[in-house]
Amino acid sequence: MRIRIIAVLFVLFILQLLMTRVHAQGLADATTFQARLKDPGAQVVDVRTAEEFAKGHIAGALNNDWLENGFMERARTLDPAKPVLVYCAAGGRSEEAAAVLRKAGFTNVTDLRGGFMGWRKQGLPVSND
């Protein structure tokens with residue numbers, strides 16, 4: 001009986017650690033990310049290439065290509081005190097960009113888990129303007 005209790009507590013501890021890590025990284029699924037778009041002053045940044053952006057993006061997003069030189073210089077136009085919501089195609093580039101933004105002093109950065117592909121998979125609205 002004691003071993004079962006210890007095992008259950010251990011599993012709960014591991015789950016708590018994993019949830020803390022996800023929260024600390026600022027990852028959000030598509031539905032949560034969409035809700036965060038309504039945060040006062042939310043700044044949405046699409047870190048895909050201009051060509052990817054032109055094929056569809058989240059309405060109101062600014063395009064700041066992570067792969068193009070000058071990412072941080074362009075990011076300095078954002079307000080570091082306001083929420084920054086970043087995404088890319090699948091999540092890799094935006095994860096890196098979010099980490100760099102946090103190091104630069106941005107205090108509220110959320111990364112879209114699964115990227116724009118995850119957004120589309122959920123059937124959420126896409127803009128082409």
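**View 1. Arg-48 is buried in this predicted model, with a relative accessible area of 5%.** The residue counts as buried because its relative accessible area is under 20%. Arg-48 sits in the loop that runs between β2 (43–46) and α3 (50–54). Its side chain makes a polar contact of 2.7 Å with the side chain of Asp-46. Beyond the neighbours within four places in sequence, residues in contact with Arg-48 include Phe-53, Gly-56, His-57, Asn-63 and Asp-65. Tyr-87, Cys-88, Ala-89, Arg-93 and Phe-116 are also among its contacts.

**View 2. Helix α5 comprises residues 92–103.** At 1.5 Å a residue, its twelve residues should span 16 Å, and the C-alpha atoms at its ends are 17 Å apart, which agrees. Buried residues in α5 are Arg-93, Ser-94, Ala-97, Ala-98 and Leu-101. They lie on the same side of α5, because the arc they cover around the axis is only 130°. The elements against which the buried residues of α5 pack are α3, α4 (71–75), β4 (84–87) and β5 (109–112). One of these buried residues, Arg-93, is also in contact with Arg-48. Just after the helix, Gly-105 has a positive phi of about 105°.

**View 3. Leu-27 belongs to strand β1 (residues 27–28).** Its relative accessibility is 27%, so Leu-27 counts as partly exposed. In sequence, 87 residues separate Leu-27 from Gly-114, while in space the two are 9.5 Å apart, C-alpha to C-alpha.

Terms used. Residues numbered from 1 in each chain as written. Predicted model: local features only at pLDDT ≥ 70, side-chain atom pairs only at ≥ 80, totals over all residues. Heavy atoms only, no water. Helix = DSSP H or I, 4+ residues; strand = E, 2+ residues; numbered from the N terminus. Buried < 20%, exposed > 50% of the residue type's maximum accessible area, 1.4 Å probe, protein only. Polar contact = N/O pair within 3.5 Å; in protein donor to acceptor, adjacent residues only side chain to side chain. Contact = heavy atoms within 4.5 Å. Expected span 1.5 Å × (residues − 1). Arc of directions from axis to C-beta.
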